[in-house]
Amino acid sequence: MSDINSTNPRTLGRGICIITGASKGFGQALAYQVSRSLEPRSVLLLVARSGPLLQEMKEELQSATEEQQLVVHCVAVDLRTKEGVDETVRVARQEAVDEIEHVLLINNAASLGDIAKFETFTNPDEVNSYLSLNVSSPLALTAGILKLCPCRLGLRWSVVNLSSMFALQALPSWVLYCTAKAARNMMFSVLAKEQQHVKVLSYSPGPMDTDMQKEILRLTNVNHNPMPCHESAAKLMKLLLDNNFSSGAHLDFFDV
């Protein structure tokens, strides 16, 4: 039996790759990186709320990868809802053919939430609304894709959780963000223990030049010296291509 966790594959193979939060920022940078490492006739699912931005990306990616015959789907949905998760799984089901060699799910979609003191959050509906996108959605989507593409001979399975140093480190006034990142870290650690055929990585990408980082600067007046998204995306791609991390690992941009 082939070892799905074998190290140093030189490409991602003929795969189906699903990237959430793909319309801008780090998700967009990842889409361009992933597209260059997929074998011909692979499938790329770009998931986000903004249909026009996704369509623009699709056209650029297909133009840049014309020889690869890359199939790109835009899935414009709200992943906070069951309908959004179900639609993403439905589109993936259409492309999950037996010839696929690699399933790669990158759970990138996330939000900052209110930066406020602990005692501010007295409304459970407000908290649950935040957690629906940042915790419930990646759990439900990952479960749906797992059911869709069960373990079989020759199929490589990879799941990436976009994490943060605040999954491991508490920060005053960041209770929503820290809670969600910590919950996601544990969620995917459980997945790594439970599903031995799935290679799981929680990746903390560092401060990047994104809308979220601009919002943090506006709210806190703290400049974290963000880097271009493509720098951190390239490091994540190297980790996936080298494939020598331990399943369930939490790795930070600055430590690899």
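This is a predicted model: local features need pLDDT of at least 70, side-chain atom pairs count only at pLDDT 80 or more; totals for chains, interfaces and linings use all residues.
Residues are numbered from 1 along each chain as its sequence is written, and side-chain values use heavy atoms, leaving out hydrogens and water.

**Overall build**

- The C-alpha trace spans about 55 × 40 × 35 Å along the principal axes of the protein.
- Of the 256 residues, 50% count as buried (under 20% relative accessible area with a 1.4 Å probe, protein chains only).
- Among contacts with a separation of 6 or more, 78% come from residues 24 or more positions apart (contact means heavy atoms within 4.5 Å).

**Secondary structure**

- You will find 7 helices and 7 strands here (DSSP runs of H or I with at least four residues, and of E with at least two, numbered from the N terminus).
- From the N terminus on, the elements run β-α-β-α-β-α-β-α-β-α-β-α-α-β.

**Helices H3 and H4**

- Helix H3 (residues 82–95) packs with helix H4 (residues 124–148) at an angle of about 25 degrees, their axes lying 10 Å apart (axes are lines fitted to C-alpha atoms over the stretch in contact, and angles run from 0 to 180 degrees between N-to-C directions).
- That angle makes H3 roughly parallel to H4 (under 35 degrees).
- H3 contributes Val-85, Thr-88, Val-89, Ala-92 and Arg-93 to the contact, and H4 contributes Ser-137, Ala-140, Leu-141, Gly-144, Ile-145 and Leu-148.

Key
Angles under 35 degrees count as roughly parallel, over 145 as roughly antiparallel, 65 to 115 as roughly perpendicular and the rest as oblique.
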